[in-house]
Amino acid sequence: PMMPYDIATRTFSLVKGRPTCALSLGVDLDMETGEILDYVVRPTTILVDERLTYVGTDQILRESSEEEDPDMFYLARAARARWGYRKGNGAETFASYSPKIRVDRGRDEGGKGAGVTIERNDAQQQTVEYTQSGQSIVSEMMILAGEVGARWGKDNGVPLPYRMHYKPVIPDEEEVTAIEDKFARTANMAKSFTRAVLDCRRPRPHASLGLPYYTQLSSPIRRFNDVLVHLQVKSVLRGEGPLYTADEFAEMAEAAFFVERDMKQVAQQCDEYWIAYYFSQRMDRVWDSTFLSWKSLEEGMGYVQIDEVGIKHALRVDTPAVPGQKLRIRAVQATPRLDGNSVFLFEQVR
């Protein structure tokens, strides 16, 4: 999180049994089409009776019924309607994994140093199609909140960091969409996507989300721009008018972008250190992987995803490969470095 851990998880979070101030968005949703019929934006006080994990939510949806848990199944139906709405407007949803890295100092297999475990973070997988799951419900509700926030800003003429994304032009689109493996298909589609850009004066379409307008406001604990949106909205709701002009928003958003970029670079270097450490302890192991796409066909360099740990990496592919093909690889060099230049290299095993 952006805030100190205790503040993020206690002071600013929805803690079970404790009334907590929040900014809430209420939506009247067409449950057939997924369109927003009406909405309300209000400061509220939330009292959480029970906290649910993704696993617990999935268990309810799998083992319970709409009669037993009507609210949960209503949310699932709303999420499905929203996915259908966005998909009908050209939304592109990517499938990807990320590694979950855990470090336990002093507990490696030899009894000294650090013990590092890396697992594939299935909870962060974005599925190509809607699935009735806690992950899909949360994802769709967060995106819905972003559309409602942008619509509120548009209706009230309030400057916000509206996110705009152009529809990409995908070369050989038929060939790419025919790729059966969803992770390989995502990797090849992603080559044609550009970063979203901000327009703080008026909302514009967000093509990859399939929305007419969008702003991020659902995560003020971990995103600075979301904090600014909350301050702006609350100022207007109090009758004090916008707190920031469009130019001021643009200036702060630009400054936040560079800080976020630097923080991500440091976080990536930390991850790469422990990934290199992890593979340095497993140099003899052969890993199953999925070939994703070519980085340079002329040089024989391609991207693979190591299936067990969810890590994407480039290596030389010595045999003809097509997206989605299974390959076996092993580490040939793994050097963790504290200067931010950690190295881990792989080779194909025939």
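Tutor: The buried residues of helix α6 pack against α5 (173-177), β7 and β8. The model in which this packing is seen is predicted. Helix α6 is mostly covered, seven of its nine residues being buried. These buried positions are Phe183, Ala184, Arg185, Thr186, Ala187, Asn188 and Met189.

Strand β8 (residues 301-306) pairs with β9 in the antiparallel sense, over six bridges. Within this pairing, Tyr303 has Ala314 in β9 as its bridge partner.

A separate antiparallel pairing joins strand β1 (residues 20-29) to strand β2 (residues 36-46) by ten bridges. Here Ala22 stands opposite Thr44 in β2. The hairpin of β1 and β2 has six residues between the strands, and in it Gly34 takes a positive phi near 80°.

Asp30 lies in the loop between β1 and β2. Asp30 counts as partly exposed because its relative accessibility is 24%. Not counting residues up to four places away in sequence, Asp30 touches Glu35, Leu37 and Ala81. Between Asp30 and Glu254 there are 37 Å in space, C-alpha to C-alpha, and the two are 224 residues apart in sequence.

Ile36, by contrast in its burial, is found in strand β2; with a relative accessibility of 11%, Ile36 counts as buried. Apart from neighbours within four places in sequence, Ile36 is in contact with Val27, Asp28, Leu29, Arg82, Leu144, Glu147, Val148 and Arg151.

Tyr54, Val138 and Met142 make a nonpolar surface patch of about 220 Å². Of these, Val138 has its place in helix α4 (residues 134-156). Val138 counts as partly exposed because its relative accessibility is 33%.

Charged pairs complete the account. A search of the whole structure finds 15 salt bridges. One of them brings together the side chains of Arg102 and Glu119, at 3.3 Å from N to O. This pair links distant parts of the chain, with Arg102 in strand β3 (residues 99-105) and Glu119 in strand β4 (residues 114-120), 17 residues apart. Arg102 is partly exposed at 43% relative accessibility, and Glu119 is partly exposed at 38%.

A second salt bridge is formed by Lys264 with Glu260, whose closest N and O atoms are 3.3 Å apart. Lys264 and Glu260 are four residues apart in helix α8 (residues 246-280), and they are therefore separated by about one helical turn. Lys264 counts as exposed, with a relative accessibility of 52%, whereas Glu260 is partly exposed, with a relative accessible area of 38%.

A further salt bridge joins the side chains of Asp339 and Arg337, at 2.5 Å from N to O. Asp339 is partly exposed, with a relative accessible area of 43%, and Arg337 also counts as partly exposed, at 38% relative accessibility.

To return to the part with which this account began, helix α6 has seven of its nine residues buried, and these pack against α5, β7 and β8.

Key:
Residues are numbered from 1 along each chain as its sequence is written. This is a predicted model: local features need pLDDT of at least 70, side-chain atom pairs count only at pLDDT 80 or more; totals for chains, interfaces and linings use all residues. Side-chain values use heavy atoms; hydrogens and water are left out. Patches are made of residues with over 30% relative accessible area and no salt bridge: like charges are joined within 9 Å, nonpolar side chains (Val, Leu, Ile, Met, Phe, Trp, Tyr) within 5 Å. Accessible areas come from the Shrake-Rupley method with a 1.4 Å probe; for residues, only the protein chains shown count as cover. A salt bridge is a side-chain nitrogen of Lys or Arg within 4 Å of a carboxyl oxygen of Asp or Glu. Helices (H or I, at least four residues) and strands (E, at least two) are DSSP runs, numbered from the N terminus. Buried means under 20% relative accessible area, exposed over 50%, partly exposed in between (1.4 Å probe, protein chains only). Two strands pair if DSSP finds at least two bridges between them. Contact means heavy atoms within 4.5 Å.
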